[in-house]
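Welcome, and thanks for taking a look at this assembly with me.

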Amino acid sequence: MKLLGSYGRTFALSAGLALAMSTAVHAAPSETRGYVISWFGIAGYFGGDTDCPDGINPMSTEFYKRELLRLGYSEADATNLLKDFPGNPGKPDGEYIKIMQTRGDKKTNVYANPESSYDPGLKEIKGKFGYGFNLDGKTDSPISFIDPDTGEKGIKNQYYRTLGCVRSFRAPPPQHPTLAQAQWDVLRDEMPAWLIEVSGITDPKNSDNVTVTLSRATDHISRDSTGGVRSDMSFNVDPDPRSHNVLHGKIKDGVLITEPTDIRLVADPFLIPEYHWTKAQLKLKVNPDGTLKGILGGYHDWYALYWSYASSGWVEEHSASLDMPAFYYSIKRNADANPDPVTGENRDISTAYEIEAVPAFVIHNDDKNDKKVSDAGPVGPQRIQANIGGILGKF
Amino acid sequence: MSALQRASRRTMLRGMLGGAAVSVALPFLDCFLNENGTALAATGAQLPVAFGTWFWGCGLNPGRWEPAVVGKNYDMNIETAALAPYKDRINVLSGFKVFLDGKGARPHFTGEMAILTGDVPRESPNFASLDSIIADTIGTRTRFRSLEVTGTGKPTDSLSRRSASVLNPAEISPAALYTRVFGPDFRDPNAADFKPDPRVMVRRSVLSGVTDQREALLKQVGAADRVRLDEYFTAVRQLEQQLDIQLQKPAPLEACTATTQPTDAEVGTVIDNVVANHKLFAQILAHAIACDQTHVFNVVFGEATSPLRRAGTAMTHHILTHEEPTDEKLGYQPQASYFMGRIVESLAFYLQTLDGIKEGDGTVLDRTLLLAHSETGFAKIHSLENIPMFIAGGAGGRIKTGMHIEAKGEPVTRVGFTIQQALGVPVENWGTMSLNTSKPISEILI
Amino acid sequence: MSYLSSSARRTLGAVGFAAAAALAGCGQHDDAPVTKGGPVSLRRLTEPEYRQIIADVFGTTIKVPGRFEPDVRDNGLIAVGTSKVSVAGTGIEEYDLTARGIAAQVVDEVHRTTLVPCTPAKATQPDDACASKFISQTGKYLFRRPLTQTELQTFVKDAGESAGKLGNFYSGLENTLSAMLVSPQFLFREEAAVPDPDHSGQQRLDAYSKASRLSFFLWDTTPDAELLAAAEKGDLDTKAGLDKQVDRMVNSPRLASGVRAFFTDMLGFDGFTALAKDPTIYPKYNSQVAADAQEQTLRTLTDLLVTNKGDYRDIFTTRKTYLTRLLGSVYGVPVKTQAGWEAHVYDEGDPRASILTEISFVALHSHPGRSSPTIRGKAVRQVFLCQKVPDPPGNVKFTMVQDTHNPNFRTARARLGAHINQPTCAGCHKIMDPVGLAMENFDSAGSFRSTENDAPITTEGEIDGIKFGDTLGFIKAVHDHPQTPVCLVNRLYSFGVGRGSTKDEADWLNYQEKQFADGGFKVPDLMRRIATSSAFYRVSASAGNEASNASFSMAGNGNQMEASK
């Protein structure tokens, strides 16, 4: 029995049965299940500090001091400049900020022009384990990880390798890393939500012809009384095709994996304006309580990822303790795909993101009147060479 | 204050509004003067007695709160161990019961009605509550006739009744209580200068215009409604009195120190929040007594059906008392008893707070008489026997403390009757039917 | 727009009570049995009424600050409790605070241009003429009748003195208005009886008292200008005049306000203010859900009963309701409308039909951490069938109850089995539990579930001899129960007169019940019949307090519900 109204793919209620949403119930054939993403963050394996034999990267107070000393300030002066850390930009207690902004060559903005600085050498992940997919099919390349849960070899996640030893990106599960948690928490209340629809499940353990749609809603999530994401909420799908991804996959032994394809998601400048992964896949599992958990992995333009943090300049750098030039050099070096035809340098880096989702009603509008025209030209930020001078405010 | 005094005061206020000077020195309210007419606080003479009730629902575990020793030199039993530091200033009262005289007993209602109104109502309460009777004697001269608070979030949790039909609603928020008592209308007794606020004078004056119509309005309504209308006018007179007091320079009180507005814990039934808010209430009420804003207070720690619960659990204290099985080894219901422990600790905190405000050689607790009581002797079966009751505080020397009084099935009303006598209420007997008593607990009286 | 700002442009009639012009005939307006009437009432305004009156008289931009002395429920209705309560000292403090807050806004620079009908000669000095105009006009709406000479003089004098003292005309008005809002003439709905010229020796309400009863009954607010004018002219004492006003008011969209006020009272929605749900067990429930839930039920009711003039009994079986997205998340229903309400019709056979399965009923009558068939069963009987369930006895010997070592009965039905199987308990629990168990698929927050602790929930039971196999059977049983419409007629009448009915009114109520049934159980028609009946306005000085044979609970649904589990 279908619900009334001009709904597209929505929940079908079978007579007399309990609602499927929050309790595990067998799906009827060709039923579509809807979800809204409640967590999205970099997928990292944190098995303890053996992942980072070179150590954890220093806090921003430490590397700012290091840089001030390198620039020729005395111990006393450096200490004095940082005494009111973090201080305020433009105020006497934030004088060090201006210095840090141009610490490469003393005139160029180091966030927009990281190559004006030397490579401080970001400490990176050297452990065996990591989450993600075998994006290039090679099981024995030196950059491969082993999936700690399945034992699968050849996992590519160079992004994790790059950032995994930065303190604010680390957390023992089930906690989420502080930076990601803070970012996502702020975002959730304003950024239009991301929706997942799964259809074609004939058998929850094994199905051959499953379709997964990943799209954007017109509304942000709603909270419940615990501060978590409210489940069973209704969302309208944003008709903008920029965020409309149809993936195909199979369920094997209860785990849904989709075939590699492009995935695009419009996000938020606070996170990144837009994601665009290539050779991207989803791996999802339905929990007994009806929620989803899984991984999204794929190659991404590494500069866009760098810029998603660096565009906030000092604000991001000091609060996340993410040394931006170090980050730049590291992520560039770790890029592992899509070589530039001229320079031969890799433009993309392998990534993996954790996804959690709760059940939701996904509503499609049938009328096409408000179809958005997407921007012409390439997706993603241009590589900005000019001197920005100052901080581009995300805040 | 006689009618003549009232009338002359009103006329004077009206006259003032007619154009006289603002800062006319008004006569000192005589309640602060002793027989010689000298200010009490200034000479260090006796400060007024205060009375309060402290109520919780679902009782305690029989056998675990009654002291083993009867009379003096008793020791606190396990469940009331938290009260041990004050045992010399507490009388434990066990073995008192409610007589039903064939009337139905309503769980979580009849017990407290009997203790506080001396009566077992068939439907709705029939009388004013004990604190109200006492306020008629000791609470007529303060800004607030009494102050009521509740920890479980509903203004109707209050057990203080002005009359059969008038319930004094309880404050649910410490911050709101603070604003009410120490907010913009508070006159600091220790403030150096004092000028009567002309806006208050105006308010006082127009309010007289309302009460002046009392006779005419009462004539227009039927007998039963006359009572209710009169109760309304009584309430308005209380407001008038508050304004009168605001227009008077208060006597300085050393113990009345400055306090800051608290921030509430979330108002509700989660025990940690109830305990936290109770602490705030305790502090504000103690200061209210020290600053002579009231002489009577009523604390409902949790209302009679004890909806207290731990965050994240389905079970309330009340449900546990009925459904939790008795632990074979322990001999009581452990989860239900957890709440009893928190309740007794909070009572101890209350006493500690009163005791924490020094006044001359003593403390606020020394001049307070506190009746702490529940409504059942054993919540599991809604028993009306052996209801836990405690009297705490010095009552300004009007009672003896430090005893365990064990009654053998005596009516609970003996307690309320004794308290009334101790505080000077002219009463010869109290209570209805089998609850009527004329026998005070003589061990307690001086 | 407010009554005041609209009437500012009109000149109103003379001060004083209008003489009733009795026309030919006995004055009996219908064929109903004649009644002797109940006592004249003195009813304290409820908080919603207070707020509505301020909004109507001064406009919706006036904020009503402060707290209110709690309303009290009696005989199933707060409306009846209004005849029993007075005001405590704390209550007057609160009314005074609220009154000052309102008065300050009314005379402030923004509002005085619309709400004060004249300007003083000098703003820094008294102006008796202007004060008099404001006070008499405002007073008429606040006191629900023209002020007496004494009242007017007193208030004008006070306004002048205050203005003089404070050097500001508007401060004078402010203080006087504040006093008026604390006056018993405002806070209490005073009624006056006059000799009935058509029945020598008997009495009826005077015209303004009639207007008051009528207005609060149909619109839950103070009489508007047209109704006051009709009272003044004596129209309300004639059948034609009364019918005209009643028709105007019943046909107005404002009838929905009266219906909403009635059901808000009858359904005990005041219980929501103290309702708590454990967020870790029911994360979906919050105060917005509670607010939406009440609105949902009120919309369901007004849509069915007022807009569509439907059969009252259908509220128990209706599949049509109104939802917001937030409610949709609790019920598990997709809602297309992003913000706001949309109609939703459940499929045939969906157990989520009926107002009885809505959050406003099942969540209201549950514990913070779990449902309660006993409380729900009791509520069905007390609220909808006007049946009184006796209180549990004191000192029950629970030693008979087995002290089970495995307390984990998985479903409520299993847990309550102990009640049903003990003779002392069974008597009352047999009345409550089977009724409440019919709704066990709905948890404490109102969400549907088919199992509890992995055990299946079954909803079969019986109510007053009617057996049912599931929730749908249950709601039909309530729909068909003969007491259902009878209870409504009684409640509605009590709501209107502010008291329980007298023995003398039994025949008249039977007549109304029959009319209600014959007419298809339409609520607006019932309200019209009551509002145009003589019985509604008949008063008897001798009736005294016979009308009140009520249980007087202190806290709405709170204390006693909890006590009885």
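This is a predicted model: local features need pLDDT of at least 70, side-chain atom pairs count only at pLDDT 80 or more; totals for chains, interfaces and linings use all residues.

Residues are numbered from 1 along each chain as its sequence is written, chains are lettered from A and ligands numbered from 1 in the order in which they are written, and side-chain values use heavy atoms, with hydrogens and water left out.

## Chain C against chain A

About 2100 Å² is buried between chain C and chain A, with carbon and sulfur atoms giving 53% of it. Buried area here is the accessible area (1.4 Å probe) that two parts lose on being put together, summed over both. On the chain C side, Arg325(C), Pro334(C) and Lys336(C) supply 32% of the area buried against chain A, more than any other three residues.

Arg325(C) also forms a salt bridge with Asp219(A), the closest N and O atoms being 3.4 Å apart. A salt bridge is a side-chain nitrogen of Lys or Arg within 4 Å of a carboxyl oxygen of Asp or Glu, and the rule finds two of them across this interface of chain C and chain A. There are 10 residue pairs in polar contact between the two chains, both residues at pLDDT 80 or more. A polar contact is a pair of N or O atoms within 3.5 Å; within protein, one must be able to donate a hydrogen and the other to accept it, and residues adjacent in sequence count only if both atoms are side-chain atoms.

Helices (H or I, at least four residues) and strands (E, at least two) are DSSP runs, numbered from the N terminus.

## Chain B against chain C

Now for the contact between chain B and chain C, which takes 77 residues from chain B and 71 residues from chain C. The buried area is about 6200 Å², of which carbon and sulfur atoms give 57%. Within chain B, Val206(B), Arg228(B) and Tyr232(B) lose the most area to chain C, together 11% of what that side buries.

Five salt bridges are found across the interface of chain B and chain C. Glu171(B) and Arg67(C) meet through their side chains in a salt bridge, at 2.6 Å from N to O. The count of residue pairs in polar contact between chain B and chain C is 13, both at pLDDT 80 or more. Among the helices of chain B that each supply at least two residues to this side are helix H6 (198-211) and helix H8 (223-246). H8(B) gives the most, with 12 residues.

## Salt bridges within chains

Over all chains, a search of the whole structure finds 87 salt bridges.

| Salt bridge | N to O distance |
|---|---|
| Glu240(B) and Arg204(B) | 3.3 Å |
| Arg528(C) and Asp247(C) | 2.9 Å |
| Asp518(C) and Lys514(C) | 2.7 Å |

Glu240(B) lies in helix H8 of chain B and Arg204(B) in helix H6 of chain B, so the pair ties together parts that are 36 residues apart in sequence. Glu240(B) is buried at 4% relative accessible area, and Arg204(B) is buried at 3%. Buried means under 20% relative accessible area, exposed over 50%, and partly exposed in between (1.4 Å probe, protein chains only).

Arg528(C) is partly exposed at 23%, as is Asp247(C) at 31%. Asp518(C) and Lys514(C) both lie in helix H22 (residues 506-518) of chain C, four residues apart, about one turn of the helix. Asp518(C) is exposed at 53%, and Lys514(C) is exposed at 52%.

## Inside chain A

Chain A has eight helices and 11 strands, and 53% of its 395 residues count as buried. Arg103(A) sits in the loop between helix H3 (95-101) and helix H4 (158-163) of chain A and is buried, at 1% relative accessibility. Its side chain reaches the backbone oxygen of Met100(A) at 3.1 Å. A network of salt bridges links Arg103(A) with Arg66(A), Glu67(A), Arg70(A), Glu317(A) and Asp323(A).

Key. Contact means heavy atoms within 4.5 Å.
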